Amino acid sequence: MSNLNRKYKDSVFVDLFSEDEKSKENFLSLYNALHGTSLPLSSPVENIRLDNVMYMNIINDVSCLVDGKIIVLAEHQSTINENMPLRFLEYIARLYEKLQAPTDRYLRKLSKIPTPEFYVFYNGIDDYPETTILKLSDAFITKPEQVPLELTVQVLNINTDKANKILTACKPLEEYSLFVEEVRTQTQLDRENGFTNAVKICIEKGILKEYLQRKSREVINMLVAEYDYDTDIAVQREESLRIGIQQGFSDGAYQKALETAKLMSYENLGIDLISKVTGLSVEEIKAL
């Protein structure tokens, strides 16, 4: 499942389930847990991940072709984005373009395509249900009796305090969740050495032990890269907000942005979309 032409920096989640030498075993364990199946390790699994599509939107994704299905897995350690169905729609369209020959769509005979399935694994600190379904149709401005287009995303909270049954069915995912929690704890205690301490403690506890023993330095580098990326995004947003507020007080743009955000909220549009359109922060929008 290795891709030697990667142009992006993997996360630990992506590495475990898509790139590592044991990623196929881990992925099939997760697939079987999700479907109640027992596909053997000999089952063909093809990594069809798109480079630099989802990652640049602060999401770590795994896309594999298995058993006649396209399985798209994503990890979220921040607040769940309710626009995920739309983002997955754009993603799957690009995957189908990648998998099909350009001429297939013009054939008179029906061209069969793999069935898509979408999963988001949430392990952030906000309270979130054990399982949630997000639907593309929830974003439609008008709601026809028969929905002409639908895409559903299953969101699974994998924080161990939720005791999600998927964790007991998939040991690699359970240990990954414990690893994330240990990283979170250690970085709060020691920002400078937190990643290193977390890796050492997990090895001692037997959490992802073999994986971390093989790739401890690489894992730490991945964690640092993820942390730096999130920090850069947060700083950029804070700076953009500060500049926007300064300009708004002088020309009324800030007040107009607030009014626009209110109108969009009344239409039940997603907070992320409102933030993108108006330039307001999530906190400002929630305070309206």
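The chain has ten helices and six strands. The model is a predicted one, and it covers 288 residues, 43% of which are buried. If the contacts with a separation of 6 or more are picked out, residues 24 or more positions apart account for 60% of them.

Two packed helices are described by the angle between their axes and the distance between the axes. Helix α1 (residues 12-19) is a handy place to start, with helix α5 (residues 171-189) as its partner: the two pack at an angle of about 165 degrees, and their axes are 11 Å apart. Angles over 145 degrees count as roughly antiparallel, so that is the label for α1 and α5. On the α1 side, the contact is made by V12, F13, L16 and F17, while α5 brings P172, L173, Y176 and F179. Sorting these residues by type is quick work, with eight nonpolar, no polar and no charged. The crossing of α1 and α5 is right-handed.

Helix α1 also packs against helix α2 (residues 23-35), and here the geometry is of another kind. The axes of α1 and α2 come within 6 Å and cross at roughly 95 degrees. A crossing of 65 to 115 degrees counts as roughly perpendicular, and α1 and α2 are therefore described that way. From α1, the residues D15, L16, F17, S18 and E19 meet S23, N26, F27 and L30 of α2.

Helix α5 takes part through F179, E182, V183, Q186 and T187, and α6 through G194, F195, N197, A198, V199, I201, C202 and K205. By type, the residues of this contact split into seven nonpolar, four polar and two charged.

Where does S177 sit? It lies in helix α5, and it counts as buried because its relative accessibility is 1%, with the cut-off for buried set at under 20%. With neighbours within four places in sequence left aside, S177 is in contact with I158, N159, T160 and L167.

E82 belongs to the loop between β3 (69-76) and α3 (84-99), and its relative accessible area of 61% makes it exposed. K135 is part of strand β5 (residues 131-135) and is partly exposed, at 39% relative accessible area. Although E82 and K135 are 53 residues apart along the chain, their C-alpha atoms are separated by 8.8 Å. K135 and L86 are 49 residues apart along the chain, and the distance between their C-alpha atoms is 8.8 Å. Leaving out neighbours within four places in sequence, K135 is in contact with P85, E150, L151 and T152.

Finally, two residues stand out for their backbone angles. Most residues other than glycine have a negative phi. D67 is not a glycine, yet its phi is positive, at about 55 degrees. L208 is not a glycine either, and its phi is also positive, at about 50 degrees. Both residues are in loops: D67 between β2 (60-66) and β3, and L208 between α6 and α7 (209-251). Is each one buried or partly exposed? D67 counts as partly exposed because its relative accessibility is 47%, whereas L208, at 7%, counts as buried.

Notes. Residues numbered from 1 in each chain as written. Predicted model: local features only at pLDDT ≥ 70, side-chain atom pairs only at ≥ 80, totals over all residues. Heavy atoms only, no water. Axes fitted to C-alpha atoms, helices over the stretch in contact; angles between N-to-C directions. Helix = DSSP H or I, 4+ residues; strand = E, 2+ residues; numbered from the N terminus. Parallel < 35°, antiparallel > 145°, perpendicular 65-115°, else oblique. Left-handed = near helix turned anticlockwise from the far one by under 90°. Contact = heavy atoms within 4.5 Å. Nonpolar A, V, L, I, M, F, W, Y, C, P; charged D, E, K, R; others polar. Buried < 20%, exposed > 50% of the residue type's maximum accessible area, 1.4 Å probe, protein only.
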